[in-house]
Amino acid sequence: MILTTSQTQAIEDQYTSGLYTKRPLVIVRGQGAHLWDADGNEYIDCVGGQGAANLGHANPLVAEAIAQQAATLISCPEMFYNDRRALLEQKLCSLSGFPRVFLCNSGTESVEAALKFARLVTGRTGIIATMRGFHGRTMGALSATWEKKYREPFEPLVPGFSHVPYNNLEALANAVNETTAAVILEVVQGEGGVTPGQAEYLRGAETICHERGALLIIDEVQTGFARTGRLFAFQHHNLHPDFVCLAKSIAGGLPMGAVLIGERAGKLAPQTHGSTFGGNPLACAASLAAIAYIETNQLAQRSAELGAWFLGQLKTIQSPLIREVRGLGLMCGIELRQKVTPYLQALMAKGVLALPAGLTVLRFLPPLVIEQSDLAKVVQAVNEVLNQPIND
Ligand SMILES: Cc1ncc(COP(=O)(O)O)c(C=O)c1O
């Protein structure tokens with residue numbers, strides 16, 4: 001049954017939970033960095049599945065792996081061994097240099113798991129997170145998330161969490177003590193405004209954790225899988241975290257999450273955590289294909305080169321609305337002096353889909369397969385919307 005645009009919108013509006021603020025587009029197809037709506041209009045996609053589409057839409061290698069595995073075996077809980085899971089665990093560990101990995105199904109689950117593991121391993125309860133940090137929406141991950149509007153309706157949250165300013169080593173040093181199980185950080189804060197962590201801050205955080213017996217959790221849910229120009233963003237700074245949270249593009253867009261588990265955490269006690277879907281062969285096969293594609297096509301290098309070019313071009317835009325342009329690899333943001341919503345709408349009208357990060361940052365997370373010519377069109381569209389009158 002083929003639905004028209006208005007039929008789809010009417011049905012979703014009637015039956016949706018109501019949790020999401022929707023844009024008036026019915027997206028029905030994707031290819032690489034392009035999306036099409038039900039009326040056949042084409043868009044350059046800088047939403048990139050909110051970071052889940054690093055490999056591009058309808059990636060042929062991932063699609064083929066999913067189809068083959070779906071016809072072979074979809075479910076297989078971790079009470080059994082499985083060949084696809086074994087190969088993926090080995091691959092993730094060899095790529096990251098970590099000895100072990102836990103597989104789950106989303107970003108928030110990977111954070112939730114890392115927080116539990118940190119408490120389990122240290123026997124301590126305190127978790128230090130950062131202001132403007134975003135880590136997900138389940139109760140533990142939400143407790144680590146900063147934004148008040150996500151937290152307040154659900155209080156009381158998990159006890160033991162506190163937040164310190166990001167990129168402020170002194171504040172972190174004052175907060176970490178003998179009750180701290182873990183410090184959780186993003187290498188580049190994504191939802192919080194595309195704010196890169198400074199090298200000395202991130203390395204200093206690692207030292208503080210080591211000296212005080214706390215564990216370091218790096219949340220790479222958004223920055224992972226070549227987004228910032230390295231396979232993992234912690235590799236920019238030669239960090240040695242105890243846990244690394246992964247999700248979004250780990251399986252080429254299929255739901256999956258993972259926690260890389262470092263030496264200091266060791267092998268976790270049986271039955272202390274688990275997941276029915278975690279490590280299912282379908283997601284593992286998709287992830288193996290996704291990683292093979294990233295490696296073969298050198299997407300990390302592509303992200304570094306195209307990202308540097310794109311950021312440079314965005315910086316040339318002259319507009320009184322721009323406060324700052326920042327980013328790492330193809331994770332780019334423009335902080336405006338005003339709210340971004342009208343500018344996102346104006347970009348959409350020009351065929352460019354982008355994201356907000358907080359209220360005032362325009363965020364671009366294009367698939368890493370995007371062509372430079374498309375990024376040039378994005379720059380031109382951004383230049384135009386930031387220099388035209390907009391009705392708020
Ligand atoms: C850094 C970070 N951590 C965790 C999450 C939560 O991931 P998910 O939406 O898959 O639960 C996100 C989602 O945007 C994120 O950006």
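Biologist: How do the residues lining the second largest pocket divide into nonpolar, polar and charged?

Modeller: They split into 13 nonpolar, seven polar and five charged. Nonpolar means Ala, Val, Leu, Ile, Met, Phe, Trp, Tyr, Cys and Pro, charged means Asp, Glu, Lys and Arg, and the others, Gly among them, are polar. Keep in mind this is a predicted model: local features need pLDDT of at least 70, side-chain atom pairs count only at pLDDT 80 or more, and totals for chains, interfaces and linings use all residues. Numbering runs from 1 along each chain as its sequence is written, and side-chain values use heavy atoms, with hydrogens and water left out.

Biologist: Which residues lie nearest the centre of that pocket?

Modeller: E78, E89, V101, F102 and H273, out of 25 lining residues. Strand 4 gives the largest share of the lining, four residues.

Biologist: OK, switching to the ligand. Which residues are around it?

Modeller: S106, G107, T108, F134, H135, G136, E186, E191, D219, V221, Q222 and K248, each with a heavy atom within 4 Å of the ligand. By class, that shell has two nonpolar, six polar and four charged residues.

Biologist: How far is the side chain of Q222 from an oxygen atom of the ligand?

Modeller: An N or O atom in the Q222 side chain is 2.8 Å from a ligand oxygen. For E191, a polar side-chain atom lies 3.4 Å from an oxygen of the ligand.

Biologist: And which backbone comes up for a ligand nitrogen?

Modeller: That's F134, with a polar backbone atom 3.5 Å from a nitrogen atom of the ligand.

Conventions:
A polar contact is a pair of N or O atoms within 3.5 Å; within protein, one must be able to donate a hydrogen and the other to accept it, and residues adjacent in sequence count only if both atoms are side-chain atoms. On a 1 Å grid over the protein atoms alone, a cavity is a set of points where a 1.4 Å probe fits but cannot get out, and a pocket is an open set with protein on both sides within 12 Å along at least five of seven lines; lining residues have an atom within 4 Å of a point. Helices (H or I, at least four residues) and strands (E, at least two) are DSSP runs, numbered from the N terminus.
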